[in-house]
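Come and read along with me.

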Amino acid sequence: MKTANNATERPQNFLTDHDVYLFREGSHSRLHDKLGAHACTVGGATGVHFSVWAPNAKAVSVIGDFNDWNNKAHRLQPRGDNSGIWEGFVASVESGTCYKFHISSLHHGYQVDKADPFAFYSEVPPRRASRVWALDYEWNDGDWTARRRDCNALDAPMSVYEVHLGSWRRVPEQDNRPLSYREIAPLLAEHVNALGFTHVELMPITEHPFYGSWGYQTTGYFAPTARYGTPQDFMYLVDFLHQAGIGVILDWVPSHFPSDEHGLGFFDGTHLFEHADPRQGFHPEWNSAIFNYDRNEVRTFLMSSALFWLEKYHIDGLRVDAVASMLYLDYGRKQGEWIPNRHGGRENLGAMEFLRNFNEAVYRDHPDTQTIAEESTAWPMVSRPTYAGGLGFGMKWNMGWMHDTLKYFQQDPIHRRHHQGQISFSIWYAFTENFLLPLSHDEVVHGKGSLIGKMPGDEWQQFANLRSLYGYMWAHPGKKLLFMGGEFGQRREWAHEESLEWHVLQYPLHDGLQRWVGDLNRCYRAHPALYEQDFTGDGFAWVDSQDWEASVLSFLRHGKRPEDTVLIVCNFTPQPRHNYRVGVPASGYWQELLNSDAVIYGGSGAGNLGGVEAAPVATQGYFHSLFLTLPPLSVLYLKPATSA
């Protein structure tokens, strides 16, 4: 039983010997059910069982509202199994109570108050305490979860709308405050469905002390940020999106964490979660700490965090941030600033093992979800199974495609003829990984300007160029991701303290661009040729990639059925081209599915009057040809009229 001042008794079998074994082995994936703060009853008294891993502590106590933050009132006791876990029960602690762990280290008299690494909820930053909280919620997304496997399959359409919740839309009448989780739910669902996106990707909502980090400097790996509401409010947002048929991908950051005193850094007076040597444990570019993936307990902490979001919050996929920084010991470092692995190489063997174990655990326990790697190098087999030697991710961001494509479109069209290889090169490696094509937040911050601002020419040409970029992107093999604001051509660079420029939709060119994005998504989802075989060469064939003089590309996308074929023709100059001949594999009438130069999108209205009859003229390896009008700075989608 609990003594007058000290928490000495733990609930029977709350943390079992088997749990401790798995924890120390590095294979426990549900630590969130065991460590942290959990309501329970002991000896007839209701209260909370607290537990924390602090193997180098001399003493640990739980402090909070219930004891006036007195670090002598409720001391925890170390387990007698050398696990380094301290625990205890405190009666009469209620939901919502704020608390921290006061840790006195064995080393150098160090003392500190730490937030709970396993807390489900925290105070609203800049306040830093954890809060006792239960995750009860009645979900209503059964229809979605029943068909989620099909929606997340690699041969399904995936068009992702990336969102920063705090700046998507604000309330100017109320001191420009962000929307809450519950307020944003119907608005975001309506917008995403109106534009035909299949998923949203939320930039990190895990608790973070500095708003300007956008969530990428995480302190609460099990807590949605309290800035926008409670855990149940976030569940409501996910639930609402699911009921609207929209998948939810969460940005997750197991690569580094901030050095804020209440966080994970120097947790028990030692470098517990991070490497002690700054050549391994400190990230010079981000001024943050790097997880020690060689420590079993750290790997199981991160593994539990990943599976926690999939289980408790019904998240449909995890986009893993900064994978390259995890894989390379010399990432962002000069010669002599890093320590080679035991073989003398620059690969982080512990991170490799963790990522493989993480992916195996996700697909074992939640096979209808996806993991997506933001990996910016040529590391091989990122999205290949672990049994085949890969890292086991479902998909990988195609950063090479993004860089080459944006560089090409930033060229004045008169010079694009000299850069044809830049726009076509991505097909050479398009099927080496399961790629997702990203135009993310990273491309519209830190002085890079907006997407529309990158486009050359006058205002009309800028919008025509951006429509062409999107048309090419949605036709290119790979899943799609577009950052918020890009759908309507926001002019200014993204600012996390401000709302998107929704007012520009009153102008025809902005409104037309948004119509184009919506029609692209609807066409994409309606035609299996555009998504079924994204990750195999069977789904793609060049018609002509060599017409560099005209800066024209033409190619075919194929579905699994022979009749599922779509032709894409891109004219990347402002010069319209008449009677432009393109070889096609079928006779008959080819219907014009999309034309980025249509008047409703802000274009000039040039085109092919809805379609073209194929002529029996052999060219480019095909027995039939289309004689097309290629509008200026345009992308055309056509299909045989006989196809479904």
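Predicted model: local features only at pLDDT ≥ 70, side-chain atom pairs only at ≥ 80, totals over all residues.

**Helices across the strands**

I began with helix H5 (residues 231–243), which lies across strand E12 (199–202) and strand E15 (247–252) and runs at about 140° to E15. Helices here are DSSP runs of H or I with at least four residues, strands are E runs of at least two, and both are numbered from the N terminus. I noted that contact means heavy atoms within 4.5 Å. Axes are lines fitted to C-alpha atoms, for helices over the stretch in contact, and angles run from 0 to 180 degrees between N-to-C directions.

Residues are numbered from 1 along each chain as its sequence is written, and side-chain values use heavy atoms, with hydrogens and water left out.

Next I found helix H9 (residues 349–365) lying across E15, strand E19 (317–320) and strand E20 (370–373), at about 155° to E20.

**The barrel**

Which strands make up the closed barrel? I read eight, in the order E9-E12-E15-E19-E20-E21-E22-E23, with parallel pairing. The twist averages 25° from one strand to the next. Two strands pair if DSSP finds at least two bridges between them. Strand E21 (residues 395–397) and strand E22 (residues 435–439) run parallel and are joined by two bridges. Lys396 has Phe435 in E22 as its bridge partner.

**The open sheet and a hairpin**

I then looked at an open sheet of four strands, ordered E1-E2-E5-E4 with antiparallel pairing. Strand E1 (36–42) and strand E4 (77–78) are at the edges with a single partner strand each, so one side of each has no neighbour in the sheet. Seven bridges pair E1 with strand E2 (residues 45–53) in the antiparallel sense, and Cys40 stands opposite Gly47 in E2.

Strand E24 (residues 540–547) and strand E25 (residues 552–558) are antiparallel too, over five bridges. They form a hairpin with four residues between them, and Ser551 in the turn has a positive phi of about 55°. I also noted that Asp547 has Val552 in E25 as its bridge partner.

**Two helices meeting**

Last, I checked helix H10 (residues 399–410) and helix H13 (residues 459–475), whose axes come within 11 Å and cross at roughly 150°. Trp401, Thr405, Leu406 and Phe409 in H10 meet Asn465, Ser468, Leu469, Tyr472 and Met473 in H13.
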